[in-house]
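Please take a look at the model shown here.

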Amino acid sequence: MKGILLLCVQDFKRLLTNALFWVLAGTLVVMVLVVDLALPKKLAPEEFGIVTYNISQTIPDAEVMDSEEAVREAVRNNDKIGLIGGTDGITVVHPGLSEKTLNAVMLMFSGASPQTIPVEVLNAQSEAIPFNLHMSPLFICFEALLTGFILGGALMLAEREDGTVNALRISPTGTARYLISKSLLFSVIGTIYAALICVFTVGFDISWGIFVPLAFFGTMIFTLIGLAYTTLFHEMNGWFFSMVLLLGINMMPVISYTTPAFSPLWMKFIPSYPILFAFEKAVFGGAPETLYTILSMASWLIISYLAATLMVSKLFLKGGRKA
Amino acid sequence: MIQVSHVYHDYEGKGKCAVSDISFQVESGKIFGFLGPSGAGKSTIQNIMTGLLPLQKGEISYEDQSVRNLKTRFFNQVGVSFEQPNLYSSLTGLENLRYYAALFSVPTQNPMELLELVGLRDDANKRVINYSKGMKQRLTFARALINKPKYLFLDEPTGGLDPKTAVNIRDLILEQRKRGAAIFLTTHSMELADALCDTVAFLYGGVIAANDSPDALKLRFGKREIRVLYREGDTEKEKFFPMDDKAGMAEFLKTADVIKLHSQEATLEEIFLRVTGKELTA
């Protein structure tokens with residue numbers, strides 16, 4: 001264990017001179033600033049005035065126009081919703097609104113009289129989450145993911161480029177020790193990064209008991225995947241661009257996060273999916289899918305460790321010897 | 001002891017071997033010099049011996065343990081100083097040794113003491129990227145000693161070093177021999193091999209052209225005659241006597257104004273030229 005910790009310390013020192021480490025540290029600051037300053041707390045609702053022509057009903061605040069062309073002109077230039085009465089009924093003219101907004105307009109228009117519709121909120125807390133903070137788990141998840149995925153691979157590639165891998169190959173270090181020392185270091189760094197983003201955006205009032213192991217093991221999974229993948233490369237350029245592609249795939253759960261209606265089954269097999277949604281629960285509360293999260297992450301941890309062991313052993317620390 | 005028996009290696013698998021039928025042994029407490037020009041196959045043999053290349057044909061064993069079956073923990077007993085320094089350039093010299101020491105599961109030497117031995121104590125906290133080539137070479141050598149290896153592989157350990165530092169490194173190699181390490185030394189330097197090695201092998205074209213102790217090789221390939229340099233009037237002259245013509249030489253020495261006597265011993269360089277027909281160049 002002492003040896004592994006010493007390796008972690010020396011790897012951390014190497015990391016301090018690696019440009020990617022500082023790029024990721026800078027990314028952390030940018031993410032915090034984006035959440036705190038750039039993203040709005042509340043998205044602006046779709047607000048449209050109504051213009052009418054030739055309809056019998058009285059609509060509060062609606063502006064009555066003197067021709068169909070005037071209605072169309074108002075819709076075209078002033079983002080209004082137009083209602084034009086005719087022999088076949090009423091035609092709605094709009095500048096390309098969402099179906100949701102249109103339905104609301106039509107409901108209001110068809111309502112015989114204003115009445116209060118009873119509302120029951122099942123998740124009062126999530127209802128109150130400001131938009132910018134709701135994006136925070138995305139940044140937390142992907143900063144931790146990037147840390148393990150990119151930095152682990154970068155250190156490994158440097159070992160190949162400067163030839164130190166040959167010194168490792170004739171040393172008694174085994175694949176397990178190599179993987180554990182690297183994944184331990186990046187898991188700690190990833191957890192610290194995730195915690196920093198969380199503290200500076202959402203604050204301290206979260207479920208740290210869930211958050212910390214989630215960040216730790218989430219980063220570990222991506223460190224192991226990154227190390228396994230990096231063994232296929234001998235130079236930085238090809239590695240970096242293909243890593244970006246893989247990162248793109250791993251960021252697809254963002255779609256489900258921002259558009260909950262879109263959560264196909266295949267999306268749930270992407271390793272970042274359970275981690276992202278578990279971060280959301282850890283940060284904002286709500287009913288966690290504990291069993292699904294634990295099973296998914298445990299499976300990915302085992303798969304990534306086995307893949308990393310096989311590939312690092314065969315393609316990186318290979319030699320005419322047994323483990 | 002390291003036993004190498006009938007080793008062949010074919011990089012491309014097309015029947016053209018980089019090394020063929022290589023056999024020798026390196027005993028504990030002895031230095032075995034592997035001499036040959038670039039491309040002769042020295043690194044190939046060292047890489048097979050250390051497990052960096054797979055053993056295709058033949059056998060290499062460490063105390064009867066085949067290189068094919070070496071376990072990771074075996075490498076606690078191995079030290080390798082590479083010709084091309086391969087160090088963590090972003091770490092300091094001291095950090096490099098600490099990092100490497102952490103890989104071993106046996107007691108290791110104090111990194112600072114090792115740096116002192118190779119003359120790098122004052123530069124211990126300087127990042128390796130700022131080291132000269134010679135400093136990197138010394139650090140690589142120090143790294144090879146960190147685990148007090150039982151089997152030590154040295155590839156051009158004095159290459160690029162100034163004469164004073166080279167002598168220091170030579171002394172350290174001799175200390176390792178005294179400690180009982182089996183040392184495999186790869187070099188172009190006949191002078192270094194002559195000064196250090198108990199046995200040398202000349203590798204040329206992938207085969208061993210000669211393999212014996214330096215003294216035995218000199219005896220076998222030397223001229224076995226004495227050169228007498230003497231003065232006759234104002235001029236210096238020389239005369240050669242066969243080693244076994246003691247009477248003739250004694251008679252001559254009685255009257256001659258002798259300046260110098262030399263045994264006509266061949267150097268390793270000359271022997272290499274005689275054995276292979278080629279000069280040993282880097």
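## Terms first

A cavity is a set of grid points where a 1.4 Å probe fits but cannot get out. Residues are also sorted by class: Ala, Val, Leu, Ile, Met, Phe, Trp, Tyr, Cys and Pro count as nonpolar, Asp, Glu, Lys and Arg as charged, and the others, Gly among them, as polar. Keep in mind that this is a predicted model.

## Where the chains meet

Chain A puts 28 residues in contact with 28 residues of chain B. About 2,600 Å² is buried between chain A and chain B. Carbon and sulfur atoms give 62% of that area.

How many salt bridges cross the interface of chain A and chain B? The rule finds one. It joins the side chains of A:Lys13 and B:Glu95, at 3.4 Å from N to O. Nine residue pairs are in polar contact across the interface of chain A and chain B. On chain A, the side that touches chain B draws two or more residues from each of helix H1 (2-16), helix H8 (164-169) and helix H9 (175-201). H1(A) gives the most, with seven residues. By class, this side of chain A has seven nonpolar, 11 polar and 10 charged residues.

## Two cavities

The count comes to two cavities of 30 Å³ or more. The largest cavity holds about 40 Å³ of space. Both chains line it: A:Thr164, A:Ala167 and A:Leu168 are there, along with B:Tyr88, B:Asn96, B:Tyr99, B:Tyr100 and B:Arg143. H8 of chain A and helix H2 (93-101) of chain B each give two or more of these residues. The lining divides into five nonpolar, two polar and one charged.

The second largest cavity holds about 30 Å³. Its lining is A:Cys141, A:Ala144, A:Leu145, A:Gly218, A:Thr219, A:Phe222 and A:Ile275. Which classes line the second largest cavity? Five residues are nonpolar, two are polar and none is charged.

## A pocket in chain A

The second largest pocket has a volume of about 340 Å³. It is lined by 17 residues, and the closest to its centre are A:Ile210, A:Leu214, A:Thr293, A:Ile294 and A:Met297. Helix H10 (208-230), helix H13 (272-284) and helix H14 (290-316) of chain A each supply at least two lining residues. H14(A) gives the most, with seven. By class, the lining of this pocket has 13 nonpolar, two polar and two charged residues.

Technical notes
Residues are numbered from 1 along each chain as its sequence is written. Chains are lettered from A and ligands numbered from 1 in the order in which they are written. This is a predicted model: local features need pLDDT of at least 70, side-chain atom pairs count only at pLDDT 80 or more; totals for chains, interfaces and linings use all residues. Side-chain values use heavy atoms; hydrogens and water are left out. Contact means heavy atoms within 4.5 Å. Buried area is the accessible area (1.4 Å probe) that two parts lose on being put together, summed over both. A salt bridge is a side-chain nitrogen of Lys or Arg within 4 Å of a carboxyl oxygen of Asp or Glu. A polar contact is a pair of N or O atoms within 3.5 Å; within protein, one must be able to donate a hydrogen and the other to accept it, and residues adjacent in sequence count only if both atoms are side-chain atoms. Helices (H or I, at least four residues) and strands (E, at least two) are DSSP runs, numbered from the N terminus. On a 1 Å grid over the protein atoms alone, a cavity is a set of points where a 1.4 Å probe fits but cannot get out, and a pocket is an open set with protein on both sides within 12 Å along at least five of seven lines; lining residues have an atom within 4 Å of a point. Grid points are joined across faces, edges and corners, and a volume is the space filled by probe spheres set on the points.
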